[in-house]
Amino acid sequence: MPTDEDAIARALELARAAAAHGDVPIGCVVLRAGQEIAAAGNERELRQDPTAHAEILALRRAAEALGSWRLEGCTVVVTLEPCAMCAGAIVLARPDRVVFGAADPKAGFAGSLGDLLRDPRLNHAPEVTGGVLAGACGEVLRAFFRDRRVSD
């Protein structure tokens with residue numbers, strides 16, 4: 001069984017690949033029984049699609065792989081705390097767990113700006129673990145934006 005750190009390390013690979021095509025470096029993997037069933041990096045720039053966040057793409061691929069939109073028994077692992085859109089999609093997909101790396105104080109909805117993932121008014125609340133390899137996840141983002149400022 002991979003550890004949360006192993007899963008975040010895999011998501012970091014996807015984040016770096018997203019940066020290579022000009023997208024904000026965020027990666028997401030979906031695991032079931034310790035096996036990767038879906039993975040994605042951000043593709044907003046690549047697709048010119050505001051909904052092409054890593055989490056949304058990975059959730060779609062996981063649902064396709066399982067033949068069901070219900071991702072019960074799954075863990076969603078992402079390098080950055082999910083935004084409101086992604087947190088909402090995660091709740092609707094019903095995974096058992098969410099693991100994230102860096103907190104996002106400006107847009108995070110797993111405890112920073114809000115906490116959609118654990119809102120008791122909703123019909124599903126996955127277990128949430130944050131801060132896994134947060135330094136490495138944050139550094140990938142800082143380097144991306146630092147490089148963009150230098151090249152502008």
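**Close-up views of a predicted model**

View 1. H53 sits in the loop that runs between helix 2 (44-47) and helix 3 (54-66). A polar atom of the H53 side chain lies 3.5 Å from the backbone oxygen of P50. Not counting residues up to four places away in sequence, H53 touches N42, R44, C83, M85 and C86. One of these, C86, belongs to helix 4 (residues 84-93) and is itself buried.

**View 2. Helix 4 and what covers it.** The buried residues of helix 4 (residues 84-93) are C86, A87, G88, I90, V91 and A93. An α-helix has 3.6 residues a turn, so residues three or four places apart point the same way. The cover over the buried residues of helix 4 includes helix 3, strand 3 (74-80) and strand 4 (97-102). Just after helix 4 comes R94, with a positive phi of about 65°.

View 3. G73 lies in the loop between helix 3 and strand 3. Its relative accessible area is 35%, so G73 is partly exposed. Leaving aside neighbours within four places in sequence, G73 is in contact with L31, R32, A33 and D96. N42 is 31 residues from G73 along the chain, and the C-alpha atoms of the two are separated by 24 Å. N42 is also among the residues that H53 touches in View 1.

**View 4. The whole chain, for orientation.** The protein chain contains five helices and five strands, arranged along the sequence as α-β-β-α-α-β-α-β-β-α. Its C-alpha trace spans about 45 × 30 × 30 Å along the principal axes. Of the contacts with a separation of 6 or more, 56% join residues 24 or more positions apart.

**View 5. Surface and charge of the chain.** Buried residues make up 47% of the 152 residues. The accessible surface comes to about 7,500 Å², and carbon and sulfur atoms account for 53% of that surface. There are 17 positive and 21 negative side chains in the protein chain. The centres of these two sets of charges lie 3 Å apart.

Definitions and conventions. Residues are numbered from 1 along each chain as its sequence is written. This is a predicted model: local features need pLDDT of at least 70, side-chain atom pairs count only at pLDDT 80 or more; totals for chains, interfaces and linings use all residues. Side-chain values use heavy atoms; hydrogens and water are left out. Helices (H or I, at least four residues) and strands (E, at least two) are DSSP runs, numbered from the N terminus. A polar contact is a pair of N or O atoms within 3.5 Å; within protein, one must be able to donate a hydrogen and the other to accept it, and residues adjacent in sequence count only if both atoms are side-chain atoms. Contact means heavy atoms within 4.5 Å. Buried means under 20% relative accessible area, exposed over 50%, partly exposed in between (1.4 Å probe, protein chains only). Accessible areas come from the Shrake-Rupley method with a 1.4 Å probe; for residues, only the protein chains shown count as cover. Lys and Arg count as positive and Asp and Glu as negative; His and the chain ends are not counted. The place of a charge is taken as NZ of Lys, CZ of Arg, CG of Asp or CD of Glu.
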